[in-house]
Amino acid sequence: MAAEAVTIPLLTPYKLGKFNLSHRCFQPNGQAPISSSDRPLTPQIRANGIDVADFTPPRRLRIEEIPQIVNDFRLAARNAIEAGFDGVEIHGAHGYLIDQFMKDQVNDRTDQYGGSLENRCRFALEIVEAVSNEIGADRVGIRLSPFADYMQSGDSNPEALGLYMAESLNKYEILYCHMVEPRMKTVGEKSESPHSLVPMRKAFKGSFFVAGGYDREDGNKAIVENRADLVVYGRLFLANPDLPKRFKLNASLNKYNRDTFYISDPVLGYTDYPFLEDIA
């Protein structure tokens, strides 16, 4: 059998991210969420395809405030390690704050954090450096989605963005870079794409993880073709707590229910999917 493309939980990473598409009712003292820009986000259809989410227009971070945000990531990483996590994954994908700085369709700044590709990536790399210095680069990974357009966070040249970040991350010698496949441009939609993560895989010197709509067959293919060191599964793993075993046996999979992904019930949709041995 070909090498299995299965994520094995050797590490327990804690994800560090700031999701700054929000409403002021969720923010301290009712303040506006922060961003690289003050551009408002148009109302978005929620994952259920029915409800509409409205967002408070963000507040553009001032230059003098940015070091404090970088420090927030550093402290969060330290807290995660002290809480017993093996490492942290910096969330620089899918419209989170770091992504908003990197993508030119959001970042309209004219200072040292905007304009050129190098300037737009400065914030992300400052966070990587601060977190690596705090807990050790061998405990740090980062997730990036250069091709995605989640929450209107797209870029005019995603290939250049992904390649620049892959090359720049080598300086910090972090444990891994985790990138989302170009075919996952929007939430939950897998489509054909002429683009590839292979140039980023070749440029990055650490372990390279890929994610985005993988099943057993094409996950194995990615490993065999040396397009990744590891394939990451999200929705399939959520619905199949014994996913490695099911992949090994080529067993059928539980179907995930997207309607339960983001609800307040701590059990429904998170701990109630059956294991293979529980299925009659």
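The exercises below, each with a worked solution, concern a predicted model.

**Exercise 1.** Determine how helix H3 and helix H4 are oriented towards each other, and which residues bring them together.

*Solution.* Begin with the geometry: H3 spans residues 117-135 and H4 spans residues 158-169, and the two pack at an angle of about 40°, with their axes 11 Å apart. Angles under 35 degrees count as roughly parallel, and those from 65 to 115 as roughly perpendicular; H3 and H4 are therefore oblique to each other. The crossing of these two helices, H3 and H4, is right-handed. Next, look at the residues that meet: H3 contributes Leu-117, Glu-118, Cys-121, Ala-124, Leu-125 and Val-128, while H4 contributes Ala-160, Leu-161, Tyr-164, Met-165, Ser-168 and Leu-169. Sorted by type, the residues of this contact are 10 nonpolar, 1 polar and 1 charged.

**Exercise 2.** Describe the largest nonpolar core and the surroundings of Leu-169.

*Solution.* The largest nonpolar core holds 54 residues, and those with the most contacts inside it are Phe-123, Val-131, Met-165, Leu-169 and Ile-174. The element that gives the most to this core is H3, with 10 residues. Turning to Leu-169, and leaving aside neighbours within four places in sequence, one finds it in contact with Leu-125, Val-128, Ile-142, Leu-144, Ile-174, Cys-177 and Phe-204.

**Exercise 3.** Locate Ser-153 and decide whether this residue is buried or exposed.

*Solution.* Ser-153 lies in the loop between strand S7 (140-144) and H4. Its relative accessible area is 2%, and buried means under 20%, so Ser-153 is buried. Not counting residues up to four places away in sequence, Ser-153 touches Gly-95, Asp-99, Gln-100, Lys-103, Val-106 and Ala-148.

Key: Residues numbered from 1 in each chain as written. Predicted model: local features only at pLDDT ≥ 70, side-chain atom pairs only at ≥ 80, totals over all residues. Heavy atoms only, no water. Axes fitted to C-alpha atoms, helices over the stretch in contact; angles between N-to-C directions. Helix = DSSP H or I, 4+ residues; strand = E, 2+ residues; numbered from the N terminus. Parallel < 35°, antiparallel > 145°, perpendicular 65-115°, else oblique. Left-handed = near helix turned anticlockwise from the far one by under 90°. Contact = heavy atoms within 4.5 Å. Nonpolar A, V, L, I, M, F, W, Y, C, P; charged D, E, K, R; others polar. Core = buried A, V, L, I, M, F, W, Y, C linked by side-chain atoms within 4.5 Å. Buried < 20%, exposed > 50% of the residue type's maximum accessible area, 1.4 Å probe, protein only.
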